[in-house]
Amino acid sequence: MPNHDYACGWYFVTICTKDKRYSLGTVVGGDAHIAPHVELSNIGSVAEMYLKRIPGIDTYVVMPNHVHFIVSIATEGGPMWASAPTQTLGCLVRSFKTLSTKAAGQKLWQRGYYDHIVRCEADYLRIWQYMDENPVRWTEDEYYFE
């Protein structure tokens, strides 16, 4: 969003895998006994490990070919690997992509990412529900393909 200070606030972020490959895992379950969930691949486990390290991360979901997360960026702190007076959303995403790609030993992510500024509690709750239900609705997802 032009003229927005991405150094503080709440954000919903989506990052897709390179070429939207199903490299992070597989949606399994969905019968009467097991709810649909994502069974992570080794690469998906690497992505999850680095998602958990993001300062201010509130919640996340790893899907077969993308990740979603909600993060709060405060005015203190810095990138994951160094201290600095401030961090921006772009710096945070760049850090996550760089560290997880190096750990996986292959290019994982597409260029860019999608972000949405969380504007109020109702917006936050709607996003949280969307993320929570994402594995259940996988075949209806815009990133799903056969």
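Colleague: Which strand is Phe-12 found in?
Modeller: Phe-12 is in β1; strands here are DSSP runs of E with at least two residues, helices are runs of H or I with at least four, and both are numbered from the N terminus. Bear in mind that this is a predicted model, where local features need pLDDT of at least 70, side-chain atom pairs count only at pLDDT 80 or more, and totals for chains, interfaces and linings use all residues. Residues are numbered from 1 along each chain as its sequence is written, and side-chain values use heavy atoms, with hydrogens and water left out.
Colleague: Is Phe-12 buried or exposed?
Modeller: Phe-12 has 8% relative accessibility, so it counts as buried (buried is under 20% relative accessible area, exposed over 50%, partly exposed in between, with a 1.4 Å probe and protein chains only).
Colleague: What does Phe-12 touch?
Modeller: Leaving out residues up to four places away in sequence, its contacts include Phe-69, Ile-70, His-116, Ile-127 and Met-131 (contact means heavy atoms within 4.5 Å).
Colleague: Switching to α3, which of its residues are buried?
Modeller: Asp-123, Tyr-124, Ile-127 and Met-131 are buried in α3. They sit on the same side of α3, because they cover an arc of only 100 degrees around the axis, taking the directions from the helix axis to the C-beta atoms.
Colleague: What covers them?
Modeller: The cover over the buried residues of α3 includes β1 (9–16), β4 (57–62), β5 (66–73) and β6 (114–117).
Colleague: And which exposed residues are on the face turned away?
Modeller: That face of α3 carries Glu-121, Ala-122 and Asp-132.
Colleague: OK, rings. How many aromatic pairs are there?
Modeller: The count is eight aromatic pairs, where rings of Phe, Tyr and Trp (its six-membered ring) pair if their centres lie within 6.5 Å, and planes under 30 degrees apart are stacked, over 60 edge-to-face and the rest tilted. Take Trp-10 and Tyr-124: the ring centres are 5.8 Å apart and the planes are at 80 degrees, so this pair is edge-to-face. It links distant parts of the chain, with Trp-10 in β1 and Tyr-124 in α3, 114 residues apart.
Colleague: How accessible is Trp-10?
Modeller: Trp-10 is partly exposed, at a relative accessible area of 37%, whereas Tyr-124, at 19%, counts as buried.
Colleague: Which residues form an aromatic cluster?
Modeller: Tyr-22, Trp-138, Tyr-144 and Phe-145 form one.
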